[in-house]
Amino acid sequence: MFCASPQPATSPQEANYQAQKKPLRTKNVIIVVIDGPRYSETWAVTPGLIPNMSARMKPKGGFLSNFYNDAYTYTNSGHAAITTGVNQPIDNNGDELPANPSIFQYFLKQSGKPATAAWIVSSKDKLHMLANTQRPDWQGTYQPSFDGGISGPGSGYRMDSLTLEAAKNVLNTHKPNLVLINFMEPDGFAHAGNSENYLRGISRNDRYVKQLWDFLNDDSYYKNKTTLIITNDHGRHLDGIDGGWMEHGDSCEGCQKISLLALGPDFRKGRVIENRYTLVDIAPTVARLLRFEMDPAVVVPRADTTVVKVAMDSTAVAQVLDSIRIEIKMEPATMKGQVIKELFK
Ligand SMILES: [Zn+2]
Ligand SMILES: [Zn+2]
């Protein structure tokens, strides 16, 4: 006797989601991170310094008008939030690896592609740290390729025009599917207190992003198959806070409010999305576009101070400071990021 088992009930929400889940055309994702411009010098006054992005590109994609780094507003933390989908405090000198594996590692592992299919191309050499993770079961595996700084890790920052050329060279030579590009001039010149070059950096980066978009659309391998996401790692202090535009790193609105513009064959055109999203939502969105899964179980480092009752080294006991030790503990957590679904057609 054939006995039909009852079909599991499908909720209306799930049926709706399944119906909306169209086949995707994206085969490549390029993320551009413009390092540290303040919203008040960019999207708050358009076209202003960003005519290419605001007037020419925005109508062709989706723009998030309430997008934030609502956690650690430093370069390495901001970038690690983008690539791992997790906010964590992290050493800003490049010596500390993210606690969790990255979109590069998940993509390379699940696609079975070689290391040249995923790249980090960066003006700041210290961002080589995005290529690896502290997580023991992932450390040293499925790492993306890196082209950054003057001549690699420890060589210093290079100008963004050279990073743009390096990125085009990588795209031409290796045809990668997943690339993160870091442009640093707005941040670098602001820290140097050079307002003219800070503003010039923003306007140059606006031009470089357009050149990259044109490059992708002129290349038969990338045309109509590539999603471009342009965002920031952090903003800068509001005027009057701790050095104003020159510095960043706290939770003021100037440091936290950033932008996201996204263009690609699966995204709606000319859409302004007002729902609030943050940096950790980029990774799940990229995972959806490139069809890989990320482990929702993550860890977040927390600093704990421990009082040391018996010092190991008895000659050091005399000082009060020696009785306290800071320990970094990895706390289990669940990934909070979500796909930015309003971008999709
Ligand atoms: Zn900075
Ligand atoms: Zn601030």
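Modeller: Tyr68 stands opposite Lys257 in β7. This is a predicted model, in which local features need pLDDT of at least 70, side-chain atom pairs count only at pLDDT 80 or more, and totals for chains, interfaces and linings use all residues. Residues are numbered from 1 along each chain as its sequence is written.

Colleague: Why is β7 called largely enclosed?

Modeller: A residue is buried if 20 or more other C-beta atoms, placed from the backbone, lie within 10 Å of its own, exposed if 12 or fewer, and partly exposed in between. Seven of the seven residues of β7 (residues 257-263) are buried, so the rest of the structure largely encloses the strand. Lys257, Ser259, Leu261 and Leu263 cover one side, Ile258, Leu260 and Ala262 the other.

Colleague: Why are α5 and α7 called roughly parallel?

Modeller: Angles run from 0 to 180 degrees between N-to-C directions, with axes fitted to C-alpha atoms over the stretch in contact. Under 35 degrees counts as roughly parallel, over 145 as roughly antiparallel, 65 to 115 as roughly perpendicular and the rest as oblique. Helix α5 (residues 160-174) and helix α7 (residues 195-218) pack at about 10°, with axes 11 Å apart. The two helices are therefore roughly parallel.

Conventions:
Chains are lettered from A and ligands numbered from 1 in the order in which they are written. Helices (H or I, at least four residues) and strands (E, at least two) are DSSP runs, numbered from the N terminus. Two strands pair if DSSP finds at least two bridges between them.
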